[in-house]
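This report describes selected features of one protein model.

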Amino acid sequence: NLGRVGDRLDLPVYAVGGFVRDLLLGQRNSDVDVTVDGDGILFAETFAAEFGCRVKSHEKFGTAVIVFPDGFKIDVASTRLEYYVSPGALPTVERSSLKMDLYRRDFTVNTLAIALNSQSFGKLIDYFGAYRDLQAKVIRVLHNLSFVEDPTRVFRAIRFEQRLNFRIAKHTEDLIKNAVKMDFLVKLGGRRLLSELVQILREKEPLQGISRMASLGLLRFIHPSIELTSELQAALEEVRYVVSWFDLLYLERPYERWAVYFLALCEVLSPEQFWATCTRLAVSEHQSEHLAEMRRQGAELIGAMERKLVRQERLENSDIYFTLRGLSVEILLYHMARSGNPETKRCISLYFTKLHGMEPLIGGEDLKRLGIKPGPIYRELLDAVLSARMNGRVSSKEDELRLVR
Ligand code: ATP
């Protein structure tokens with residue numbers, strides 16, 4: 001249908017980029033990128049009107065997103081750029097070819113295009129030896145200044161290398177080393193660095209990406225004190241183990257997996273250094289505060305819990321619950337991974353699998369029926385009932401009502 005709309009408007013339309021790469025590799029890719037040799041916005045609007053989709057367009061960049069009623073999206077770019085030199089002036093139109101458009105991309109494997117118009121439907125367009133590199137499983141830049149032009153590509157190279165199980169070409173790797181040595185990465189804004197880091201940490205196996213970042217000297221851009229020592233390596237492996245365990249529980253508690261790895265990466269940092277790193281990486285103030293506070297509070301609470309365990313004091317289920325309930329999933333997983341005490345790990349595991357989400361069988365309505373005046377006392381009573389339930393002292397609604405009475 002994309003091709004047919006292109007035919008009618010007399011515009012050449014191509015599927016490009018990651019979509020074509022993954023298609024040829026037989027991998028899933030839910031993003032569809034389309035490039036129109038002409039006015040992409042006109043194309044997107046015509047397509048959307050015909051197929052009942054919405055369009056979000058950016059006139060300035062000649063790009064648009066077609067959004068289907070079920071949320072599926074197609075990104076549309078134009079090889080033609082129009083811009084206004086001064087307000088009110090006629091637009092200056094820069095016509096660029098598909099080849100130029102593809103040349104601006106990051107790696108050869110992302111430069112493939114497939115023609116979608118009826119006459120040439122399915123024709124593979126390969127200007128830069130992309131097919132050869134896909135077969136050889138190589139990540140290669142298109143020109144020597146690629147990383148100077150855009151240092152985020154350094155992280156993208158690592159991400160694709162790990163995800164696709166490819167290898168960064170020798171010359172490309174030398175260019176990365178050079179960009180690191182010449183400090184080009186310092187120019188990279190915090191927000192963009194964070195976004196790349198998060199994407200690496202969100203990959204299925206982030207450890208390989210982290211180790212590649214370390215060998216290329218990139219960890220210091222997060223903070224100069226971060227090094228992949230054997231301790232950090234062990235910490236990350238523990239995180240990986242705990243995170244996989246948690247994912248297998250299918251608890252449907254949403255959490256940011258990348259943040260658990262990020263906390264481990266930043267383990268050597270003092271609270272001040274951690275805060276400075278979050279600020280530099282433009283982590284939102286809300287999230288920085290959340291992470292810093294959780295980091296401190298988690299260490300304190302779990303430390304207190306461990307001291308009790310060391311003194312062989314019996315921890316009841318309710319102690320575990322009320323100690324841990326204010327902490328986020330990320331912090332709990334991080335401390336579960338980092339604690340050397342198997343009993344602590346057991347407590348956190350029990351919290352996730354059994355205690356979290358437990359509720360008393362009675363509620364406010366029952367307390368009202370008992371003639372208790374509503375107020376903060378309700379919370380206290382219900383917490384006391386919950387404790388009794390967790391510790392196995394009550395097991396029915398009658399037991400709970402008797403306890404309150
Ligand atoms: P993913 O599966 O991670 O989304 P992708 O290849 O689709 O992989 P995107 O980040 O969605 O990656 O980018 C879409 C396309 O835009 C890429 O295929 C690439 O050609 C191009 N691109 C993205 N970022 C850059 C960049 N920094 N420099 C040059 N080209 C880029």
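Which residues make a nonpolar surface patch of about 240 Å²?

## Basis of the values

This is a predicted model, in which local features need pLDDT of at least 70, side-chain atom pairs count only at pLDDT 80 or more, and totals for chains, interfaces and linings use all residues. Residues are numbered from 1 along each chain as its sequence is written, and side-chain values use heavy atoms, with hydrogens and water left out.

## Surface patch

The patch is made by Leu24, Leu124 and Tyr131. Patches consist of residues with over 30% relative accessible area and no salt bridge, with nonpolar side chains (Val, Leu, Ile, Met, Phe, Trp, Tyr) joined within 5 Å and like charges within 9 Å. Accessible areas come from the Shrake-Rupley method with a 1.4 Å probe, and for residues only the protein chains shown count as cover.

Tyr131 is part of helix H5 (residues 130-136); helices (H or I, at least four residues) and strands (E, at least two) are DSSP runs numbered from the N terminus. Tyr131 counts as partly exposed because its relative accessibility is 38%, where buried means under 20%, exposed over 50%, and partly exposed in between.

## Largest pocket

The volume of the largest pocket is about 1100 Å³. Its lining has 37 residues, and those closest to the centre are Gly17, Asp33, Asp75, Arg105 and Arg156. Two or more lining residues come from each of helix H2 (18-25), strand S2 (32-36), strand S5 (73-78), strand S6 (80-83), helix H7 (152-164) and helix H9 (190-202). H7 gives the largest share, six residues. By class, the lining has 18 charged, eleven polar and eight nonpolar residues.

A pocket is an open set of points on a 1 Å grid over the protein atoms alone, where a 1.4 Å probe fits, with protein on both sides within 12 Å along at least five of seven lines; lining residues have an atom within 4 Å of a point. Grid points are joined across faces, edges and corners, and a volume is the space filled by probe spheres set on the points. Ala, Val, Leu, Ile, Met, Phe, Trp, Tyr, Cys and Pro count as nonpolar, Asp, Glu, Lys and Arg as charged, and the others, Gly among them, as polar.

## Salt bridges

The count is 29 salt bridges, each a side-chain nitrogen of Lys or Arg within 4 Å of a carboxyl oxygen of Asp or Glu. Arg8 and Glu50 form one, with the closest N and O atoms 2.6 Å apart. Arg8 lies in helix H1 (residues 2-9) and Glu50 in helix H3 (residues 40-51), so the pair ties together parts 42 residues apart in sequence. Arg8 is exposed at 53% relative accessibility, while Glu50 is partly exposed at 42%.

Asp22 pairs with Arg21 in a salt bridge whose closest N and O atoms are 3.0 Å apart, and both residues are buried. A network of salt bridges links Glu149, Asp150, Arg153 and Arg192.

## Loop residues with positive phi

Asn165 is not a glycine, yet has a positive phi of about 60°. Asn165 lies in the loop between H7 and strand S11 (167-168) and is exposed, with a relative accessible area of 60%.

Asp183 also has a positive phi, near 60°. Asp183 sits in the loop between helix H8 (170-181) and H9 and is partly exposed at 36%.

Key. Buried < 20%, exposed > 50% of the residue type's maximum accessible area, 1.4 Å probe, protein only.
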